[in-house]
Amino acid sequence: MTTTNNPNGANPAQLDAAELMGRDELEALQLSRLRHTLAWAYDRVPLYKLKFDGAGVQPSDLRELGDLAKFPYTTKEDLRREYPFGMFAVPQSEVVRIHASSGTTGRPTVVGYTKNDLTMWASLVARSMRASGVRPGMLVHNAYGYGLFTGGLGAHYGAEALGTTVIPMSGGQTEKQIQLILDFEPDAIMCTPTYLLTIMDAMAHQGIDPRATSLKFAVCGAEPWTEEMRQELETGMGLDACDIYGLSEVMGPGVAGECVETKDGNHVWEDHFIPEIIDPFDHATVLPDGEKGELVFTSLTKEALPIIRYRTQDLSCLLPGTARPAMRRMARISGRSDDMIILRGVNMFPSQIEEIALRIPALSPHFQLELTRPGRLDELTIHIEPRENTTAADRAAAAANLVAQVKAHIGSSCTVDVVEPGTLARSNGKLRRIYDNRPKP
């Protein structure tokens, strides 16, 4: 890849061949790779053979891309049942790395990678970073957590594959993060959006102007975030902030990436993954592009852990490509089906609260949602910090405004507790938003 004089532009000389394909050429490649992947999974993973046979389908039944809908879904529970290595399609001697989820809600999901898988993964993270404005030769501060979580090492090897210099800081130690940013003067930072917000706030509290640092680009992912949060970070830090999407069961970060010249959602790298949107309540229905539902992914090039129609629980829709015309875009993730709060029959997501709160000038992006049941009915309390230097009257008015806006736009009643600035937990990685303190059944 070569550099360009326009750091934000999409110079065709920089793009991978697949990014320049037409849609027909891309779909022909997808069909060829999908046929291979289905046969690979069926022949090598006992669970896939069992599921395909149970659904009455064989890999040879795939004659066109639309036939993928005939094949059964894979779920997180499937991976947990096959814990630890039952989903691997290659012998352990060919698995060169293992990652796993945290396992906070059950057994962790374990994923493995061959040498070819790691090369492919690094190339797609590099593609995503380049789309977001990062260029070879830049200095990249990596504040994603290293370890079993895919974020840290995924970002690290992608940044190296792009040809950047990597600062492998990992998460936490916010004061040290700030010191290294000031001393090393990186061009780009990679971390979750809420942790970048933590860094920005900590800089301000130290009397450092976050807009005066060397940072020009932020590649943020691993949690849903809103357009309002993007504006908060870009305005507060004087940089371009783009999304990167992935999940460990499908690969890790780099399944899709956002282009800095458009900032209109992640382009899915469809030469390696086929996305679908399904109705989360009627799983048999594949929705057309433009309709919102649950994201489903099928891998096309993975060796150690091929994944067929994996239900991500992320809610989005598919849109036509823009900066990469042949590759469809994902609309910004609005939430996860397992993060959905059902309050007195009304469905809501933390991202909806964030979007509303950030439109109220006196309120900050720091909030927590607490669910309780003091009587017969569930209640929601939004604990939220105000902006610095707001008066008691400002805070009271903002709280009343938030209650009214939540009722008007989401349709649910809530209580708002405006707490003192700096009192809510800050993110060192993925931020916990929901605290369910209702009695257990």
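# Close-up views of a predicted model

**Figure 1. Aromatic pairs in the structure.** Across the whole structure, a search finds 6 aromatic pairs. One of these joins tyrosine 42 and phenylalanine 52, whose rings are stacked, with 5.9 Å from centre to centre and 20 degrees between the planes. Tyrosine 42 belongs to helix 1 (residues 23–44) and phenylalanine 52 to helix 2 (residues 46–55), and the two residues are 10 apart in the chain. Both tyrosine 42 and phenylalanine 52 are buried. Ring pairs also build a cluster out of Tyr42, Tyr48, Phe52 and Phe71. As with every view here, the model is predicted.

**Figure 2. Two arginines placed over aromatic rings.** The charged end of arginine 332 sits over the ring of tryptophan 225, at 4.7 Å from the ring centre. In the second case, the ring belongs to phenylalanine 367, and the charged end of arginine 433 sits over it, 3.9 Å from its centre.

**Figure 3. The second largest pocket and its lining.** The space in this pocket comes to about 330 Å³. Its lining is made up of 20 residues, and those closest to the pocket centre are Asp201, Ala204, His205, Arg387 and Glu388. Two or more lining residues come from each of helix 7 (193–205), helix 8 (227–237), strand 18 (363–372) and strand 19 (379–386). Helix 7 gives the largest share, 5 residues. Sorted by class, the lining holds 8 charged, 7 nonpolar and 5 polar residues.

**Figure 4. Helix 4 and the glycine that follows.** Helix 4 covers residues 115–131, which is 17 residues. From the first C-alpha to the last, helix 4 reaches 25 Å, close to the 24 Å expected at 1.5 Å a residue. Most of helix 4 is covered, with 13 of its 17 residues buried. Just after helix 4 comes glycine 133, with a positive phi of about 110 degrees.

Figure 5. The bond that joins tyrosine 83 and proline 84 is cis, with omega at about 0 degrees. Proline 84 is placed in the loop between helix 3 (76–81) and strand 1 (97–100).

Figure 6. Glutamine 313 is not a glycine, yet its phi is positive, at about 70 degrees. This glutamine is part of strand 12 (residues 310–316). Glutamine 313 counts as partly exposed because its relative accessible area is 25%, between the limits of 20% and 50%. Asparagine 389 also has a positive phi, near 65 degrees, and is a residue other than glycine. Its place is the loop between strand 19 and helix 10 (392–409). Asparagine 389 has a relative accessible area of 78%, which is over 50%, so this residue counts as exposed.

**Figure 7. Isoleucine 278 and serine 316.** Isoleucine 278 is a residue of strand 10 (residues 273–278). Isoleucine 278 counts as buried because its relative accessibility is 0%, which is under 20%. Along the chain, isoleucine 278 and serine 316 are 38 residues apart, while 9.9 Å separates their C-alpha atoms.

Terms used:
Residues numbered from 1 in each chain as written. Predicted model: local features only at pLDDT ≥ 70, side-chain atom pairs only at ≥ 80, totals over all residues. Heavy atoms only, no water. Helix = DSSP H or I, 4+ residues; strand = E, 2+ residues; numbered from the N terminus. Expected span 1.5 Å × (residues − 1). Buried < 20%, exposed > 50% of the residue type's maximum accessible area, 1.4 Å probe, protein only. 1 Å grid on protein atoms, 1.4 Å probe; cavity = no way out; pocket = protein on both sides within 12 Å on 5 of 7 lines; lining within 4 Å. Points joined across faces, edges and corners; volume = space filled by probe spheres on them. Nonpolar A, V, L, I, M, F, W, Y, C, P; charged D, E, K, R; others polar. Phe/Tyr/Trp six-rings, centres within 6.5 Å; stacked < 30°, edge-to-face > 60°. Lys NZ or Arg CZ within 6 Å of the ring centre and 35° of its normal.
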